[in-house]
Amino acid sequence: MTITYKVQGYNLTTTNLTTVLTINTSSVAIIKEISVANDTNGAKDVDYFFRDFSDSVVYKFYHTKVPANSHDNAVHNALVLEAGDSLKFQADTANAISGQISYALLNRSQENG
């Protein structure tokens, strides 16, 4: 098993539900942080979802109203994503929300059994 520490940036350029990270089918991920920044002069609503690949269902795990010129963290502990899972975010305003996802990617492609 190989562990790689990664960071993935995102920018929500639309108000549609947007896939920002997908874990490949030979890995799992431990999400340490999902930072969100609002650089506008008004509060913005943001919803956070994960898609469970094993049952093709999308689950909301966090909602926040990010104050103007402020930031938040959508993970207050750890979030585990299994093989094929993905993160999807949605903001009420386009081009207002951006951030980063910090995670450990555990590649299991070299495992026996």
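Residues are numbered from 1 along each chain as its sequence is written, and side-chain values use heavy atoms, with hydrogens and water left out. Because the model is predicted, local features need pLDDT of at least 70 and side-chain atom pairs count only at pLDDT 80 or more, whereas totals for chains, interfaces and linings use all residues.

The protein chain contains 9 strands and 0 helices (DSSP runs numbered from the N terminus; strands are E, at least two residues, and helices H or I, at least four). The C-alpha trace spans about 55 × 25 × 20 Å along its principal axes. Of the 113 residues, 39% count as buried (under 20% relative accessible area, 1.4 Å probe, protein chains only). Among contacts with a separation of 6 or more, 80% join residues 24 or more positions apart (a contact means heavy atoms within 4.5 Å). The accessible surface amounts to about 6,200 Å², and 46% of this area belongs to carbon and sulfur atoms (Shrake-Rupley method, 1.4 Å probe).

Strand 4 (residues 44–52) takes part in two pairings (strands pair if DSSP finds at least two bridges between them). With strand 5 (residues 57–66), strand 4 pairs in the antiparallel sense over 9 bridges; here phenylalanine 50 has tyrosine 59 as its bridge partner. These two strands form a hairpin with 4 residues between them, and serine 56 in the turn has a positive phi of about 55°. Strand 4 also pairs with strand 8 (residues 86–91), in the antiparallel sense over 6 bridges, and phenylalanine 49 has lysine 88 of strand 8 as its bridge partner.

Conventions:
Buried means under 20% relative accessible area, exposed over 50%, partly exposed in between (1.4 Å probe, protein chains only).
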